[in-house]
Amino acid sequence: MVAVSAPVRPAVLALWSPPRAMSTAFFRMMVQRGDFRAYHEPFSELAAGHHVEVGGRRLATPEEVLRGFTAESAKTPVFFKDTTEYPHARLFDALPLAEAVTHTFIVRDPRRAIESHYAVNPDVKLPEIGFEHQYEIFDRVRRETGRDPVVVDADVLVERPGDTVRAYCEAVGIPYDERALSWQSGERSEWSRTSRWHQDVARSSGFRQSDRRHAVTVDDSPVLAGYLRHHLPFYEELRSRSLVLPAV
């Protein structure tokens, strides 16, 4: 039997997510661990015309940010999560992202994600739903590394948080810390500019499924139904490759 080596602890670990897919709760868990320097949506900040502060420096380009992460990771591991309302896959044309970063992904039932997105931003356009852009990054990483990246199913995460996070940690080569599954509720400076998007996680103290029912749904909006039809195949492909948990 050939021994299979455990994954090497990543210096820079990324989580890519469509908007409204519980990625900020995942970010909050990574902050709670305390062993990563965590960054909240750095490339989206740049795409929206803002700067990103890394290592005490205000950086304005993706190249600068990646170099900053690489430099900082020599002292402490770096984690960032980002959302895919923007077509971030184009970054791979100019940056060695597939080589320099361990990329992981989180998906959520697109019906819930779309309705939640529309509730916050009724002007949302089809590409901003983000599953197609997310799949473009997944496919780029898979082709350039020759491996399927780790995918987390957010709907499983809220049902079995301990098992899901444990499987994620094992897959990416970091220790599992059960204590990080709960945290103090409240706002965080990392998401202060976009805080209206993160009210659910600010009120939370752990992973939980929202039971909120939105006024406009996929069932009664032809526009949202069209968004679902377009993005569903990308979600289904990603979900089919999500972490397999042990039977309970």
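Me: Leaving aside neighbours within four places in sequence, which residues is Phe131 in contact with?
Reply: This is a predicted model, in which local features need pLDDT of at least 70, side-chain atom pairs count only at pLDDT 80 or more, and totals for chains, interfaces and linings use all residues. Residues are numbered from 1 along each chain as its sequence is written, and side-chain values use heavy atoms, with hydrogens and water left out. Contact means heavy atoms within 4.5 Å. On that basis, the partners of Phe131 are Pro18, Arg108, Pro110, Ala113, His231, Phe234 and Tyr235.

Me: Is Phe131 buried or exposed?
Reply: Phe131 lies in helix α7 (residues 131-145); helices (H or I, at least four residues) and strands (E, at least two) are DSSP runs, numbered from the N terminus. Buried means under 20% relative accessible area, exposed over 50%, and partly exposed in between, with a 1.4 Å probe and protein chains only. The relative accessible area of Phe131 is 0%, so Phe131 is buried.

Me: Which residues have the most contacts inside the largest nonpolar core?
Reply: A nonpolar core is a set of buried Ala, Val, Leu, Ile, Met, Phe, Trp, Tyr and Cys residues joined through side-chain atoms within 4.5 Å. The largest one has 40 residues, and those with the most contacts inside it are Phe69 and Phe80.

Me: Where is Met22 found?
Reply: Met22 is not a glycine, yet has a positive phi of about 70 degrees. Most residues other than glycine have a negative phi. Met22 is also buried, because its relative accessible area is 14%. Its place is the loop between β1 (12-17) and α1 (23-33).

Me: What is the relative accessibility of Glu41?
Reply: Glu41 is found in the loop between β2 (37-40) and α2 (42-47). Its phi is positive, near 55 degrees. Glu41 counts as buried because its relative accessibility is 8%.

Me: What is the radius of gyration of the protein?
Reply: The radius of gyration is taken over C-alpha atoms, and the globule rule is 2.2 Å times the number of residues to the power 0.38. With 248 residues, a compact globule would therefore have a value near 18 Å. The protein agrees with this, at 17 Å.

Me: How many helices and strands does the protein have?
Reply: Buried residues make up 51% of its 248 residues. Its secondary structure comprises 11 helices and 7 strands.
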